[in-house]
Amino acid sequence: MSDLLEAYKDRLKDHFPNDFLWGVALSAKQAEGIQGRGITVADLQDYNPNDTTKVKGDLTKKEILERLEHPENYVFPKKIGIEFYQRYCEDLKLLKEMGINCFRLSISWARMYPNGDDATINEEGIAFYDQLFKEIKQLDITPIVTLYHDDMPLHLALTYNGFIDRKVIDLYVRFATFVMERYKDYVQYWIPLNQINLTRVGLSSLGVIKDTVQHLDQLKWQGVHHKLIGAAQVVKAGRKICKDFKFGSMLADFLVNPETCKPEDVAFATEKNQMTMYFFSDLQFRGMYPNYALRFFKQNNIHIQFEDGDFELLKENCMDYLAISYYNSNVVSKEKNTMAIGDSIMNPYLEANPWGWTVNPLGLYNCFLQYWDRYQKPLMIAENGFGQIEALDEVYEIYDDYRINYVKDHLQAILKAIQHGVDVFAYCAWSPLDMVSSGTSEMAKRYGFIYVDQDNYGNGSHKRYRKASFYWYQKVIQTNGKSLE
Ligand code: BG6
């Protein structure tokens, strides 16, 4: 039998592949806490009990200075995290007990270089990650490492306005190259930037101070360009360190559907998907600014400053796989919405969690088919999960059937996509343990398979308790997903 015929027969998969990576994902800024590292912009995103639903992010210089001078007037949950820095051994053991064979984590830039531009590296930071990676290896877990999860060292924000200054690209690449070199024997999968398409939602992921800039839209696109250049430089440096490294483009799924079948709504949804989603992955897989983007910039008076060598760099350093964080999905109307990412309408056919995040597993199936058709690159879920308010009962248990149902339905959607021919190699649930919310800086929005006894103010025993979903996910992993069928 010819090789091609053999391969042809092997193409249709009925189940999750045998080497599927079953995992969980967390970020340094939400889990580790500030001990032993420098301060970041994210640390200053406070929890405000009078306004819990507001997504934190864009701070003015005055707000930053006020927070630095009078920290006693604020609550800063990200400075505490869930004490992963102190408790990572215990936490990893629990996760191993749950059965994970893959763990997505991020490295804190400010732990390696407390100010971002220090002349020397922080030995304490290296010691922490050395131990962490040793522990992960000992437990036979495959790490997937995000090199920047929106935690810009504060000094770089105040001094350079973050990624707006090309100097910060060099500093980011220096940090990332150090990490790749140091952990090359431990890590194969890298994600240079978390959710690059969300760069335009808030300024914090760029490390930009709100009131120091004008023509915000122009500036955000310039920052996006710099991030893309930084990621391409990281890929270039990484492939020199190890040719087997795999690099992922990572997007938060914001693909929208038209609110109605009115042709204007349909065309608007297509255009919006181009500029809020595909622009980033088209560029990172095809290595070129797409034509539709050039038209968009012209129409909107956006003038990005490119430098010599930028286009060659992008062309020569494309990504290997696509990592998606998928939580919810929405619809848009030409009349009611703008092109801004996140400006959408809730889908009336879907239910939502208390934060208005709709639940749509079929949307995941649908978007995986679209990404696969467009790029034919392996896909992974970098984040997927369900935030809910929860409290321990009198026997210290949590029966989180809503989370079990959410994850089950999304895994079934992934299986359906695999059966439909999509190459999916990993699933990382957000999150292993409850941790501080990125958007609202509260502990109350809990996603974990493991409950962390800690409130919005950092009070509590900090003890960990397995939820019902812990045992449920354990079974899914043990059976390589057969328990879902
Ligand atoms: C993703 C981020 O966009 O959303 C995570 O990468 C974040 O860091 C997750 O935690 C959920 O958002 P939130 O605001 O509920 O924590």
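**Strands, ligand and backbone**

User: In strand 8, which residue is the bridge partner of proline 258?
Analyst: This is a predicted model: local features need pLDDT of at least 70, side-chain atom pairs count only at pLDDT 80 or more, and totals for chains, interfaces and linings use all residues. Residues are numbered from 1 along each chain as its sequence is written, and side-chain values use heavy atoms, leaving out hydrogens and water. Strands (E, at least two residues) and helices (H or I, at least four) are DSSP runs numbered from the N terminus. In strand 8, proline 258 has as its bridge partner valine 332.

User: What is the order of the open sheet of three strands?
Analyst: Two strands pair if DSSP finds at least two bridges between them. Strand 6 and strand 8 (residues 330–332) pair in the parallel sense over two bridges. The sheet has mixed pairing, in the order 6-8-9.

User: Which strands are at the edge of this sheet?
Analyst: An edge strand pairs on one side only. That holds for strand 6 (257–258) and strand 9 (345–346).

User: How many strands form the closed barrel?
Analyst: Its order is 1-2-3-4-5-7-10-11, with parallel pairing. The twist from one strand to the next averages 30°. The number of strands is eight.

User: At what angle does helix 14 run to strand 10?
Analyst: Helix 14 (residues 361–375) lies across strands 7, 10 and 11. Contact here means heavy atoms within 4.5 Å. Axes are lines fitted to C-alpha atoms, for helices over the stretch in contact, and angles run from 0 to 180 degrees between N-to-C directions. To strand 10, the angle is about 135°.

User: How far is an oxygen atom of the ligand from an N or O atom in the side chain of tyrosine 447?
Analyst: For serine 437, a polar side-chain atom lies 3.2 Å from a ligand oxygen. For tryptophan 430, the distance is 3.3 Å. For tyrosine 447, it is 2.6 Å.

User: How much of the ligand's exposed area does the protein bury?
Analyst: Accessible areas come from the Shrake-Rupley method with a 1.4 Å probe. Taken alone, the ligand exposes 380 Å². The buried share is 92%.

User: Which residue does a cis peptide bond join to tryptophan 430?
Analyst: Most peptide bonds are trans. This one has an omega of about 10°. Tryptophan 430 is joined to serine 431.

Definitions and conventions:
Polar contact = N/O pair within 3.5 Å; in protein donor to acceptor, adjacent residues only side chain to side chain.
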